[in-house]
Every structure is written in structure tokens, then in C-alpha cells.
Amino acid sequence: MPNLTYRDVFRFVPNLIGYTRVLLTCAAAFSMYYKCPTTMFLSYALSELLDAADGHYARKLGQCSKFGEVLDMVTDRCTTTILLTYLAELYNSRPLALVFNFITVLDISSHYMQMYSQLITGKTNHKQMNNDAHWILRAYYTDRRVLFAFCFGNEAFFLLLYVNKFLSSTPLYLSIALTVLAFPLFFIKNFINVVQLYESAKDLAKLDAATLNNSKDSTASTASRKNTKKKL
């Protein structure tokens, strides 16, 4: 079997799914601003469903890759950010705009901090959890069903907030009911983001403390050897 090249990695099936998600996200964004709610809903929903498919095929086909992991995370963050940005405009409310902005910042910062802290401490990806990891993060990342349920519920909540602005009568009441049902999943998912941000920051600070302490010990040891030589 010939050695793989970077082009082969680009053509991995899960990465092709990732490119499809990017195109769907572009279609959803275009549809938002050109007032095509049906196209936006279908594009966004399909992109989120494919989010589960890329990981499945990566494991099934043995095509897990660092590029694929980053592509998946970046697509997730960009997709959510685009929708939250538009919701801030759609609802035309300063308090809600602040909430949507806060959620966006929390989402991006917690995932970036998590990925960076995991990689710098020797983990293979941001979902890898040791036994000493926070129990909430272990439960969230180690069971794919739990991960999918909260991610799906979170995105469904945002998407329903969008859809509610374009419905009336019975369909609106049904959509509002679904929004209420999705709210607990949205709330818990963002609480997990808070925990993730804190735990990642703590891991990085622990690493910094250990590095600085080792540096102090090394400096003290060097100084001690120099003093010994001077006495001799």
C-alpha cells in the first residue's frame, strides 16, 4: 500500500462530509440575509446532522485525522456564530443581543482553550478525558450519545428561535413548545462550556506552575553548584 500524501487526507470521506457542511453553512448564511427561511432551515439542519456522520465514518473507515478534527471544530464554531449573530439582528433587542454575543464568546473560547490545553498536555484530541478530568466533562465527551444529545439540543434551540420569527398560528405554537423542550439542553450545554473553560484554564495554569517551579529548582541547583565551586 503506497504512503499517504496530504492530498489523500484531504480526500478522506469524513473530510468530504466536512466540506459539504461548509457549503451548507454558506447556503444557510446566504438564505438568512436574503429572507429564505425554508432554505436556511433545511441547510442548517442538514449541516448539523452531517456533524454526527463525519465522526462515524472517520472511525468506521479508519480515517481519523488532525485536519478532520480541526475542520469539524472550526465548522461547528463558525456555523453557530453565524446563526447567533443573525439572531441578535433578527430579535432587535439589546439585552438579547448581549446574551447571544456572550454565548458566542463562551462557545469559541471554551473550545479553543479545551483543544489547546489537551494538545499541550499530551492528549491526542480535545475529547480525550483522563480519570482525573471533571466528571461533567467525562460524562459529556466519553459517551457519544450524550455528546450528540446536548449538541443537537443546543443547535435545535437556536434554530427554533430563528424559525419562530417566520411562523404563525398553530405551527408557531408547536415550534414554541419544541423551543421550550430544547431549552434545558441548551442551558446544560452552555453550563458545560463554562466548566470546560474553567477546567482548561486550570490545566494550563497547573502546567505553568510546574514549569516555573522546575525552572526555579534548576536555577537554585545551578547557583548552589557555583557557590560550592567558589568555596573549593
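**View 1. Second largest pocket of the predicted model.** About 430 Å³ of space lies in this pocket. A pocket is an open set of points, on a 1 Å grid over the protein atoms alone, where a 1.4 Å probe fits and with protein on both sides within 12 Å along at least five of seven lines; lining residues have an atom within 4 Å of a point. The volume is the space filled by probe spheres set on the points, with grid points joined across faces, edges and corners. Phe41, Ala156, Leu159, Leu160 and Val163 are the closest to the centre of the second largest pocket among its 22 lining residues. This is a predicted model, in which local features need pLDDT of at least 70, side-chain atom pairs count only at pLDDT 80 or more, and totals for chains, interfaces and linings use all residues. Residues are numbered from 1 along each chain as its sequence is written, and side-chain values use heavy atoms, without hydrogens and water.

**View 2. Helices around the second largest pocket.** Helix 3, helix 7 and helix 8 (169-231) each give at least two residues to this lining (helices are DSSP runs of H or I, at least four residues, numbered from the N terminus). Helix 7 contributes the largest share, 8 residues.

**View 3. Largest pocket.** The volume of the largest pocket is about 1,000 Å³. Of its 38 lining residues, Asp51, Gly55, Asp72, Lys127 and Leu147 are the closest to the centre. Elements that give two or more residues to the lining include helix 2 (13-33), helix 5 (94-120) and helix 6 (135-142), while helix 4 provides the largest share, 8 residues.
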